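Let's take a walk through this structure together, one region after another. Have the viewer open and follow along as we go.

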Amino acid sequence: MLARTTRVADELLRPRADRTAREGVPRSHLDALAAAGALSLATRAPALLRRATEIIAAADGATWFVYAQHHQPVRAVAASDNHTLRDKWLTPLLTGRTLSGHAISHLARPGPPAITATPGTGGGWALNGRIAWLTSWGLADVVLIGAIAPEDRILFSLIPAEDLDAPQAVHRHTLWSMHATQAVAIDLGDVPVGPDQVVSMPRHTDWTRAYLNHNANTHPAVFGFLQATTQFLGQYETFKAWADGAKLVADQLRRHAYTLADTQPPDEAIDERLTTRAAAVDLALRTAAACITATGARSMSSDTTAARLMAEASFHLVHGQTPQAKDAYAHFTAALAGPPRPLERHAGP
């Protein structure tokens, strides 16, 4: 499976990555990954999904992010106690015949709920509010939506995308990074959820704790991205030694991040996980800046590989960002650079 995924990355994704960033991720990219078996990894060993993520992210960041949207719904459906829903959707999701997206990050944000679920008759629900951010619009066939329900519960439901596409409801985002992932906001006005569409109803506090703990880890896509930037820099003699050093640091961070994820309970070593994440993202930004420098003025053109890599690096700053991750990055960069201070005045010419 990894060999097939690598071939898709090398022969299809990487050669078209700059064009994909301009024109959008085509469904054919996801179909090729599905044929390779890469869309079936959500319920398998985490190391397999990590490696596939690195391979895809190193080749094409936009396609990776659309690919990444698929796994959370698959895991949720596979773990669901709703046998009707699981029997209907799990096999199509695992094979990639059905592509999924999700809208869940708003559940961890403070303040009034972005989306609410109101009980209806016959075990059904109605969704109201706004999905502020949904990736893969026009590509995903179904969407996993999280909504705040009574009694500290979250209603997770799996909704066909066509049921969300009401007139005036969909608002397309204009992005300077990852525009190719087709992100939208969607207004929900009494969108019905039948009992056969309910995936699960965990406690909100329990889910939020697990979500924040999970996002303390470094995402494998960052390490895939670092493969892309260090390989790009390797073609420039001036930057080759620097790129080799960056690759060594990236490999050390990768081993440490995965060791933490594999050997420590999810709610332990949080500060260490966050610091490792901050260091990896910071290295991604610095290697992307080096790509811009190595390429020179022509990197100011938005259709160049260096420009695409710089935009992707910026995206990794905010992907899965939590208040804890933001604070960790601020502390890491402050310790690295020291506090800003005015330049000293020197006598003489």
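With which residue does R27 form a salt bridge? Its partner is D141, and the closest N and O atoms of the two are 3.2 Å apart. This pair ties together distant parts of the chain: R27 sits in helix α2, while D141 belongs to the loop between β3 (125-134) and β4 (142-149), 114 residues apart. R27 has a relative accessible area of 24%, so it counts as partly exposed. D141 is partly exposed too, with a relative accessible area of 33%. Please keep in mind throughout that you are looking at a predicted model.

Now turn to helix α1, which covers residues 2-23. A straight helix of its 22 residues would reach 32 Å at 1.5 Å a residue, but the end C-alpha atoms of α1 are only 27 Å apart. Where does α1 bend? The bend is at A17, and it amounts to about 70°. Just after α1 comes G24, which takes a positive phi of about 110°.

Several residues of α1 are buried: T5, V8, A9, L13, A17 and T20. The cover over these buried residues includes α2 (27-36), α3 (46-59), α4 (61-69) and α11 (305-318). Leaving aside its neighbours within four places in sequence, L13 is in contact with V8, H29, L33, I56, A59, D60 and T63.

Side chains of opposite charge can pair when their charged atoms come close. In the whole structure, 14 salt bridges are found. One of them joins the side chains of R14 and D10, with 2.5 Å from N to O. R14 and D10 are separated by about one helical turn because they are four residues apart in helix α1. An α-helix has 3.6 residues a turn, so residues three or four places apart point the same way. At 32% relative accessibility R14 is partly exposed, and D10 is partly exposed at 39%.

Helix α10 (residues 270-295) holds another such pair, D282 and R286, four residues apart and about one turn of the helix from each other. Their side chains meet in a salt bridge of 3.0 Å, N to O. Is D282 buried or exposed? D282 has 7% relative accessibility, so it counts as buried, whereas R286 is partly exposed with a relative accessible area of 40%. Elsewhere, D18, R308 and E312 are linked in a network of salt bridges.

Finally, the strands. Strand β2 (residues 115-119) pairs with β3 in the antiparallel sense over five bridges, and T116 stands opposite N128 in β3. The hairpin of β2 and β3 has five residues between the strands, and in this hairpin G122 takes a positive phi near 65°. β3 is also joined to strand β7 (residues 184-193) by seven bridges, and these two run antiparallel. Here G129 has L188 in β7 as its bridge partner.

Definitions and conventions
Residues are numbered from 1 along each chain as its sequence is written. This is a predicted model: local features need pLDDT of at least 70, side-chain atom pairs count only at pLDDT 80 or more; totals for chains, interfaces and linings use all residues. Side-chain values use heavy atoms; hydrogens and water are left out. The expected span of a helix is 1.5 Å times one less than its number of residues. The bend at a residue is the angle between axes fitted to the seven residues ending there and the seven starting there. Buried means under 20% relative accessible area, exposed over 50%, partly exposed in between (1.4 Å probe, protein chains only). Contact means heavy atoms within 4.5 Å. A salt bridge is a side-chain nitrogen of Lys or Arg within 4 Å of a carboxyl oxygen of Asp or Glu. Two strands pair if DSSP finds at least two bridges between them.
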